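Open the model in your viewer and keep the selection panel at hand.

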Amino acid sequence: MSSPRGRRLTLVASVTGAVIVALDGTVLTVAQPRLQRDLNATFAQVQWTSTGYLIAVASLLVFAGRLGDRYGHRRVFALGMLGFGAASAGIGLAGGIGWVIGLRVAQGVFGALLQPATLGMLRAAYPPELLGRPVAARTGAIGLAAVAGPLVGGALTTHLGWRAVFFVNVAPALAMGLAALAVRAPSALAAQAPAAPAVRAPAAARDTARPRLDVPGAGLLAVALAGLVHTLVGIPETGWTVATALGLGCAVVAGGVFVRHERRTVDPLVPPGALRSGTAGPALGVLVAASAALFGALFLGTYYLQGVRALDPLDSGLRALPLAVMMVLGAPVAAMLARRQGPRRTAVAGMVLVAAGVLLMSRLGRGSGAEAIGGCFLLLGAGFATVMVTATTVVVRDASVDTAGVAGGLQQTAMNIGPALGVAAATTLMSVAGRGDTIGRPPGDGPRWAADVFLSAMGPALTVLAAVAAAGVLPATRLPGRAAARRPGGQPVEEPPDGPPRSEIASSA
């Protein structure tokens with residue numbers, strides 16, 4: 001769908017899907033204490049309402065993107081939105097914690113369906129050179145959801161109860177899902193095919209026109225990612241145990257078998273063309289490094305504000321508000337910089353800002369003022385918005401239309417693995433650097449750090465996370481350079497990492 005009206009509708013659908021998923025995660029965090037009391041649930045059971053969702057969504061993202069490549073991203077998006085809305089309604093009506101956990105896992109499955117489709121639809125609707133602005137709009141909307149989520153969740157939970165947090169997603173999800181089903185659009189493969197006489201093709205020819213689904217590969221990747229996420233989520237709660245070690249071992253074995261399977265199968269889950277340009281891999285590495293550093297710093301920053309500074313959740317949210325504001329304001333600026341300066345320079349600058357923000361946060365103490373705290377979050381928000389817009393645009397732009405779903409799934413997988421990795425690293429570093437045998441937890445949920453002990457461990461832990469962000473500069477230097485000219489055929493020419501200009505390897509929509 002390439003008309004201006006069609007592009008606007010596609011952008012609205014993509015932004016709505018991304019916002020619903022982002023809002024769901026932020027409002028749930030606020031509602032969990034009330035949910036625990038009303039359902040007489042244990043703390044571990046409440047944690048599984050988040051862990052089960054995260055495992056389900058992370059393990060299925062790439063396969064969901066492949067489904068979109070085969071059957072059409074709009075169809076998969078509609079199914080994901082309708083299922084997400086129905087699961088939300090079911091959670092709001094659930095009578096026990098077991099139902100909540102099970103429906104949250106189902107919600108994760110449908111969330112995995114719709115998230116890669118939001119990027120796949122943009123790739124099919126916009127030519128590569130125009131993808132920066134819609135990706136920036138999507139990123140800014142996610143930042144706005146991060147701002148509104150705690151406020152909306154707190155208001156709904158206080159006045160209407162925790163069930164209202166889930167009901168708020170039902171109407172927009174169902175409406176957008178039905179609207180997507182009502183719009184007829186050609187599939188990605190059909191959009192690429194040239195016009196031809198209306199001749200009925202043999203059944204065998206029609207079957208071979210679409211890539212076969214690599215179900216064994218999808219299963220292996222799901223096991224590997226589920227084991228990895230289970231390990232990363234379990235470390236902050238229980239530390240290294242037999243269960244976390246088994247999860248990591250399972251992830252390593254399944255991952256190795258998956259790589260071997262992908263090299264031998266005819267129709268791999270991740271087609272070689274999805275990473276053919278040589279820039280998608282570095283862009284994914286940048287996203288993992290940036291999100292790991294950011295969310296690891298936010299994890300420790302939250303405990304610093306509430307534990308050391310003794311602020312309530314609302315005041316803590318206000319201190320961190322510059323981060324979300326810069327996510328909203330910085331996204332369009334990042335798109336403009338990437339278009340003028342090139343993804344390479346823009347991503348490097350973004351990673352430097354993230355590293356600087358984390359490093360400055362490591363210097364915070366008892367007497368740090370609101371200006372110093374706000375400055376840290378300001379740098380983090382500006383840097384992360386820049387990196388997310390630039391790297392996501394590179395991943396989606398360099399994919400062909402028939403592999404855009406897989407590219408979107410890989411991008412979303414990086415954005416799920418990175419935060420889990422950052423929080424696990426932050427917890428492990430605090431345990432190593434801190435004195436005593438306690439671990440950082442929210443007030444009332446278990447042992448708490450003494451303020452002096454926490455500060456003595458926070459500095460070294462955040463310094464290591466800043467080094468992780470600085471290491472992300474290396475893959476950022478492998479991104480495409482600034483387009484210097486265009487060939488007669490319209491193909492852009494870019495500056496390579498070293499050597500004379502070469503043609504930019506990017507497919508046209």
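A patch here is built from residues with over 30% relative accessible area and no salt bridge, and nonpolar side chains are joined within 5 Å. Bear in mind that this is a predicted model.

**Stop 1: the surface.** Select Leu151, Leu314, Leu318, Leu321, Val325 and Leu329. Together they make a nonpolar patch with about 540 Å² of accessible area. Now colour helix H13 (313-319) and helix H14 (321-341), the elements that give two or more residues to the patch. H14 supplies the largest share, three residues. Then pick Leu318, which lies in helix H13. Its relative accessible area is 48%, so Leu318 is partly exposed.

**Stop 2: aromatic pairs.** A ring pair is described by the distance of the centres and the angle of the planes. This structure has three aromatic pairs. Start with Trp162 and Phe166: the ring centres are 6.1 Å apart and the planes stand at 85°, so this pair is edge-to-face. Are these two residues buried or exposed? Both Trp162 and Phe166 are buried.

Next, select Phe299 and Tyr303. This aromatic pair is also edge-to-face, at 4.9 Å centre to centre with 80° between the planes. Show helix H12 (residues 280-308): both residues sit in it, four residues apart, about one turn of the helix. Phe299 counts as buried at 19% relative accessibility, and the cut-off for buried is under 20%. Tyr303 is buried too, at 15%.

**Stop 3: a charge over a ring.** Finish at Tyr53 and Arg104. The charged end of Arg104 sits over the Tyr53 ring, 4.3 Å from the ring centre.

Definitions and conventions: Residues numbered from 1 in each chain as written. Predicted model: local features only at pLDDT ≥ 70, side-chain atom pairs only at ≥ 80, totals over all residues. Heavy atoms only, no water. Phe/Tyr/Trp six-rings, centres within 6.5 Å; stacked < 30°, edge-to-face > 60°. Buried < 20%, exposed > 50% of the residue type's maximum accessible area, 1.4 Å probe, protein only. Lys NZ or Arg CZ within 6 Å of the ring centre and 35° of its normal. Patch = residues over 30% accessible without salt bridge, like charges linked within 9 Å, V, L, I, M, F, W, Y side chains within 5 Å. Areas by Shrake-Rupley, 256 points an atom, 1.4 Å probe, with all protein chains shown as cover. Salt bridge = Lys/Arg side-chain N within 4 Å of Asp/Glu carboxyl O.
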